[in-house]
Every structure is written in structure tokens, then in C-alpha cells.
Amino acid sequence: MTVMTDTLAEHADAQLRKGEPLIEMDGIGKSYGAIRALRGINLRVNAGEVTCVLGDNGAGKSTLIKIMSGLHPHNEGSLKVDGKELTFGSPREALDHGIATVYQDLAVVSLMEVWRNFFLGSELRAGKYPLAGLRIKEMKRIADEELRKMGIVVKDINQPIGTLSGGQRQCVAIARAVYFGARVLILDEPTAALGVKQSGVVLKYTAAARDAGLGVVFITHNPHHAYLVGDHFIILKLGGTVLDKKRSEVGLDELTTQMAGGDELTELSHELGR
Amino acid sequence: MRLSRIRGARFVAVAAVVTLGVAACSSGGKEATTEDSSGGGNAAGSSGYTIAFVTHETPGDTFWDKIKSGAEQAAKDTGVTLKYSNDPDAAKQAVLIQNAVDSKVNGIATTLVTPDALAGSVKAATDAKIPVVGLNAGIDQYKKLGALMYFGSDETVAGTSAGTRITAEGAKHPLCVIHQAGSVALEARCAGVKSSAPGTENLQVNGTDDSAVTSTLQAKLTQDKSIDYVVTLGATVALDALKAKDASGSAAKVATFDLNTEIAQQIKDSKVEFSIDQQPYVQGYMAVTALYLNLKNGNDLGGGKPVLTGPSFVDKSNIDVILPFTQKNTR
Amino acid sequence: MTNVQTSPPPSTAPLPQPSNRVTLGLSNRLLARPEVGALVAAILIFIFFLVSAPAFRSGESFFTILYQSSTIGIVAVAVGMLMIGGEFDLSAGVITITAGLVNSMLCWNYGMNLWVGAVVSLVFCLFIGFVNGYLVMKTGIPSFLITLGTFFVLQGANLGVTKLVTGSVSSTDISKIDGFSSLQAVFASSFKVGPVTVWITVIWWILFVALAAWILQRTRTGNWIFAVGGNPDSARAVGVPLIKTKIGLFMTVSFLGWFVGMHLLYRFNTLQAGNGVGNEFLYIIAAVVGGTLLTGGYGNAIGVAIGAFIFGMTSLGIVYAGWDPNWFKAFLGVMLLLAVLVNLYVKRMSTARKVG
């Protein structure tokens, strides 16, 4: 496991201090036309901590991620990165601030080779002029190494990424985010498509990232996985927050109950009376 | 942001000034012409007649342009309001004629390239007592359809005369170049040529792409060295044929149907042997004028027979007279 | 910084090696590449015509075919790149004539040096490319439809403006205007190598293909092009400048359209304003025959060049073989279908041989 953490330690920003607020969201809201996807969200991502965002489908988790990763700008409230208030105009800007995201739908291009996908958007070039060549050998080598560290060996680094299994693709996406993410790592439902063993690998990675000083945002609808690594828990429901507690303030049972429906579940059990 | 905008605007301004400056110091373009109106004539519509002019023109053909110019000049000269419409598709052309009938025009001039398709609309016109004249195509059927007069050339006669002439010049294996797939008129011309020059072979080219025309002709002339004459059916194709001939080193002579300024010059320079002109300008002009006279005075031209505007041969012997007219786009 | 928990470094523990790792043989890797399928098809067609058409066998014929291929191939390179980027441009055929007409009429009317007109025409064409790309990105309407609109606008404008300016539907003789001979040297000259005439467009074509191949395979821009064509959302999410890349691709098409327009103008002098229509599909066919996926994200510049060459060979080969020209279109269609099928078969054969 140490080889994995080596990468994290190498690529993490050397100036991170534990507890330092990296992302601060105050009253964030987002509407798509007449639909209000998020309202009044307060969230803090601190260095060296894992913030878990839980919620059922349609709760607004994806929207929250999109705002943090620069895909869509927020309509209400303020977003502060390193204390400076700003709005991301594109994912490129978020990446430049050291915020790397592993999306639920993986953001890979199926027809392209594994190494091209790994370096997509952050390619290594031989020079700064417009048609500078890519450092292809180097990129292939690095991609291969990083994947090996995660425990995946692809048969051919040149094969189209679409030929890999879902779990392998997920690991490529995570390895990519870890390699390029220097300050904040956002993992959108990382264990949803994985088996138990691979989920274990991902969770260990999450812990290692936290230990290396990164701020981690872990989105899931699996409270057990969340409780294994989280320092802070937020549950979203229909665009609003229904629970916002530190690890010390909440137990796994309460998390699970709230996730399953909280008060409504209690009512339902009374009605069904079995 | 503001600074780069100012700089951007300045750059555009400088570029504009430079362009205008360079524009002033160049030569070889259009001659400065004195104000010339295209011939006097009465104000449009002063005779009170409206005439619909319907053709099967494919947009962009210089040949049809001349017909249109003739028609427009005639409209000016006689004070007629001209309504021009066109569609190469027969069914759609029939609809255009029907439109004219519905808008109660005073007269209709139309090409009759696909007589069966147009018969219904022409009948509707004659039933509504609107006089119809045919032009350019349909020389054998115009009377049956109910048209009063016809102005045009006989494609088959034109083709045959071309064939006769090139045979007289010693051609044994002419090439007839069709530049529009599926055109009945063009096929008729080549068939005419073949009837009096039996060794004639047809070749299809893509008339909308000059480089394709040139390459295809060049390939053919290279493949078959026995070709001694190239007959094209349009002026621009003839120009491409000249290029292909030079590139392939062929000794074939070139002749063409239809005329334009460049071809006229090539005839003068002896590069093109002759051109068979059907005088499109006069077809358009006479169709409109004849309708006007018919409406005004009940006059009738042709004596029950078509009024032939061609074929007329333009070659070295008469090019000097004709050249200035091609430059004015009236011949 | 918190301390990272480490156990003593496992110095001898190697990274896991796969037991079933397969290094694909060179021949397999070669066959899987899209341009190889097209090359096989091209060779087959070439041999076919060598056998059936004696006139095909000369050097001059070969270079005539190269010339014909280059006038289609130059624009096809850009159209192919655009298709790899996931979009279509149906205005690519007409814009060649627009470029020539703008240059010709501007200079004839105002007496400008032809070089100035050529530059103005270039700016105008790049602007059209920009508008195409901008509209596609801003409205989200498929590029097929947007460029269809541009195609009709340009087709009508070509005719209407020419008629307004020159009084007829073909542009005027510009051979006497300053700059003609130098522009002709750049865009429309030829030189003889022994008995064979080589047109400069062939040289330009080869240069553009090499440049495109470099960009696609070996630069960051190429990576972006494949990404925005394969999965535009993913590309954007990882920081690829989606809008700039796509607009850039449309402008590349209009640039090369301008280039061929200049060749047409300086070779043929007068242009028919209604020309150019129909070529837009030839460019797409050349790209598809060369292995470019219609859905985007996959393709190759060399393949597109081979596709254009196949078109040139087929259209002129039929003439060289002396076949009945009425069947021309049918023969062309059959040849092209065969080329695409061979291409597909070769690709399937190579992927089926992969182990595991």
C-alpha cells in the first residue's frame, strides 16, 4: 500500500496544513430554469479531512459536484477557494486550482487509448509552442506505473479504454485524479460500480489521500462506506441539507436511518405495523 | 480586457486603412464606365401587361442568364411587368406555370423541355384564355400543347449541322461531352451530332466542378489518342476542354455549343473552331415582345411555324462582328 | 503536514506482473489501424484498373489521378479532422467558390491587387467557419443542420452577389489584374518531371496531410480533437477547451476550402457562381472510406488521404478503361462500397485475432 501513498505524497501540494479550509460554500444554490436543484448548502472541505456527502437519487449530489468541479456555475450563495471568493467558468479553472474530480460517469473517452485518457486535459508537451509534440513515451510509462500502483495491470496501455471492465475504468479515473489533484480530491460515487475487494482498495486510497493532507469529498449513498473514512457527514434531500454533523456527533445507525428516510421511515413502519 | 479590446479595434482600423491604400494603387480591373443605363424604354408596367416567364433553368447557368437579360430588356422596352421563375424539376415547373395562371397574368412564356409533364398546366392557361408562347425547348410539341408561337433553335438540327461540319473537316472519332447527367436536351444534341458523324462517342463529366471536368477530359484524351474532335455543349466546358487538350498534348480540335466572351476570344485566336449559337438573348427578347404584340394588336409571328433563332455558326469568318456583342452579354 | 504512516519500504517486492499479458504482434497492431484497411482497398482497386485499363499504366495518368485526388483531398483533410471531432460541414463545397468569387469580384470592381483580395477572401472564409462553429456550440443544434443552412445561404449568395456585381452569373476575367501571375505560381502552377506534369496542389496536399497527421497523433491539440469527438462531455469535464477546439476545426475546414478556391480561381480564371455544389459529400466519403467513424472520435489523416486517392482512381479509372460513361455513377458507388467493406473486414480481422 505504500507505493500508492507515494504517489499521493509526491503530488500533494506541499503547503497544505491540516484543518485549513480549502473550499467553503455558504448558502450555495443552483436552479436549472424552473427547477431548484440545490438551496442553502453550507459545506466546508478542510485539508486532511474527508467530507462525506450522502443522499438518495435526486438529492442534488451531482449538482453539488458539478459546481465544485467547475462544470456549472452556482446561482446563489458564495464559493470560496483558499479564502478567495470566485466562480469557476470551466473545469479547467477548477483543475488549475488543484481540484480533481472522479465523476460518476467516469469522464473517459471510450475510443481513445488508456494513456491518452489518463493525460487528457493535462498532456505533457515537449514545448510551449502551438504544435509542440507530446512526450508520448513518458506519458505511456507514467500511466502504466500509476495504474500498477493501484493494482491494475492493463494488457496493453495502447488499447482503447472502452475495452477495460467498469472497475478498471474507475481505477484509471481515480489514478488520474490522484496524479493531477494536488489539493482537493472529489470522488463521485466511487464504489457504486465496484465489488467488495475493489471498494476496499478505493477506501484505502481515500484514507491515504486524507493522510497526505488533501481535502477529500466523498459522495455516496452507502452510509457504511462513508462511515469507514469520513470525518464530516452531510446528508442531502431534495436539494437541501437534512443532516450536517462531525464524526464525533453522529453514529452509523443514525446515518443509516436518516439515509433510508428518517422520520418518514418511522411513520411508515408504524403504518405497516409488522 | 479593455486594453486588448482597444488594441483589437486599432488593429482592425489599421488593416482597413492599409487595404484601402493598396486598393488605390492597382490596375487591371474594371474599366471606369460612364453612367450607362441599359437602354431607354418605357417605365415598367406602363403598358399594363404582366407576363410570366417560366424556365427549367438550373441556377447559375450563364446560358439562362442571357435569356433572362433578353426578356428583361424586352420588358423594359415594351413597358411590361415581367415575372420570372424557374425550376429544373419538371413537376415543379408545371406548378410554376399553374401559379402564373392563378395570378391571372396576361401572358405566359415558357420552355417546354418536358412536354408531357407541362401539358396540364399549359392547358389550364389556354382554357383561361391566357396566350402562351414556347421558347428554347419543345419545338416539336408546342403546337399540340396549345402554345401560339415558338422561339428557339432546333437541338437536333443544331447537333446534326455540327456533325456535318466536323465530318467535312475530316473528323473520324469525335467526342461529345455531356456536362449534366440526365439532361434530355444535351442528349439530343449529342444524338444529332452522332447522326451525321457516326464515329461520335459520348462522355459524362461533372459540370459543377471545373477541375473534375478538366481531369476527366484529360484522362480520356490520354486514353484514346484517336479522338480528333471534342464537341462540348456549354461555353465553360469548352474552356476546360482547351486546358485538358493542352495538358494531354492531344491534337484534337475543339468546337462548342453556346457562346460567351471567353469563347468568342478563343474563336478569334483560332483555339476553338466554331461555336453553334442559338442566340438565347433573342429567344428571351422575342418571347416577351411577341406576347406583347399579341396582347396589344393580336399580332402573330411565325406563320404557324416555329421562329428559329439558331443554329447560327460563329467562327473565324464572323467573329469580329460578333465579339463586341458577346462582351455586352447580348449575343 | 501530517505524518504519513509508512511500514519499512519493501525493497524487493516487485510490482505485480500479469500472467496473461499479451503484447500484440506488430502485424496485428498494423492491421487494426484504420488507414491500413483503406490502403488495402486502394491497392486492390489500383491493381484492378492496372489490369483492365491500358491507359492507366502510364506515369502521366497516375499524376492526373493525383491531381484530381488533391483537389478533393485538400479539403477532405480538414473535413476528416472535423468528423473526428464529431461534427459535419456541408458548406465545405460551396465555400471554395465563395472564396474565389470574393477575391475575383472585389479586385475587379475596385481595381485592387489580387493579393489583397486573396487576404480579404481568407478573412471572410475564416469568419464563415467561425460562424458555423459558434452557432453549433451556442445553439446545440446538430452541425449537419447548421452547416446545411450555411450551405444554402452561400449557394444563393454566390449567385445573387455575382449577378449584382458583374451582371451575369459567372465572374469576370481577372488575368490582367496585378498579382495574377504570382498568385498563380503559388496556387495553380505545375512543373514537369520528365514526361509527367505535377500540379502544385499535389505537393500542397501532401504537406497538409503530413501536418494533419502530426497534429492528430502527436500533439495536445490532436488529443483534444479525438476527445471532443469521442465524448464531448467527458472532454470538457477534464479541462479540454471544448468550444475553442470545435470552432477551430470549423475554421480549419473553411481555411482549406479557401485554399482550393484560390487554386480554382487561378487555374480557371472565370468561375461559374453555381459550382462547388456536390463536393461536400465527396469530402465526407473520402473521410469515411479512409476509416473515419461517422459518429466521431476515431480516424486518421493518412486514411482520409487514401480515401481521396481512391475516389480519384475510381472516377478517372472508369474513363481510362473506356467504359460506358452513363454507368459512371453506378461504378463509382460500387467501388466506394467495396472500399468501405474491405476496410471494415480488415479491421474486424485484426481485432478478432486479439488473445483473451
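Where is the place of Val109(A) in chain A? In this predicted model, Val109(A) sits in a loop of chain A. Val109(A) is buried, because 27 other C-beta atoms lie within 10 Å and the cut-off for burial is 20 or more. Arg169(A) is 60 residues from Val109(A) in sequence. In space, the two are 11 Å apart, C-alpha to C-alpha.

Chain C also meets chain B. Here 44 residues of chain C are in contact with 32 residues of chain B. On the chain C side, two or more residues come from each of helix H3 (59-84), helix H4 (92-110), helix H5 (114-139), helix H11 (242-268) and helix H13 (301-320). H3(C) contributes the most, with 6 residues. By class, this side of chain C holds 20 nonpolar, 20 polar and 4 charged residues.

One helix pair joins chains B and C through H13(C). Its partner is helix H8 (residues 210-223) of chain B. The two axes come within 8 Å and cross at roughly 35°. The crossing of H8(B) and H13(C) is right-handed. From H8(B), the residues in contact are Ser215(B), Thr216(B), Ala219(B), Lys220(B) and Gln223(B). From H13(C), they are Leu316(C), Val319(C) and Tyr320(C). The contact of H8(B) with H13(C) comprises 4 nonpolar, 3 polar and 1 charged residues.

Conventions. Residues numbered from 1 in each chain as written. Chains lettered and ligands numbered in written order. Predicted model: local features only at pLDDT ≥ 70, side-chain atom pairs only at ≥ 80, totals over all residues. Contact = placed C-beta atoms within 7 Å. Helix = DSSP H or I, 4+ residues; strand = E, 2+ residues; numbered from the N terminus. Nonpolar A, V, L, I, M, F, W, Y, C, P; charged D, E, K, R; others polar. Buried ≥ 20, exposed ≤ 12 C-beta atoms within 10 Å, placed from the backbone. Axes fitted to C-alpha atoms, helices over the stretch in contact; angles between N-to-C directions. Left-handed = near helix turned anticlockwise from the far one by under 90°.
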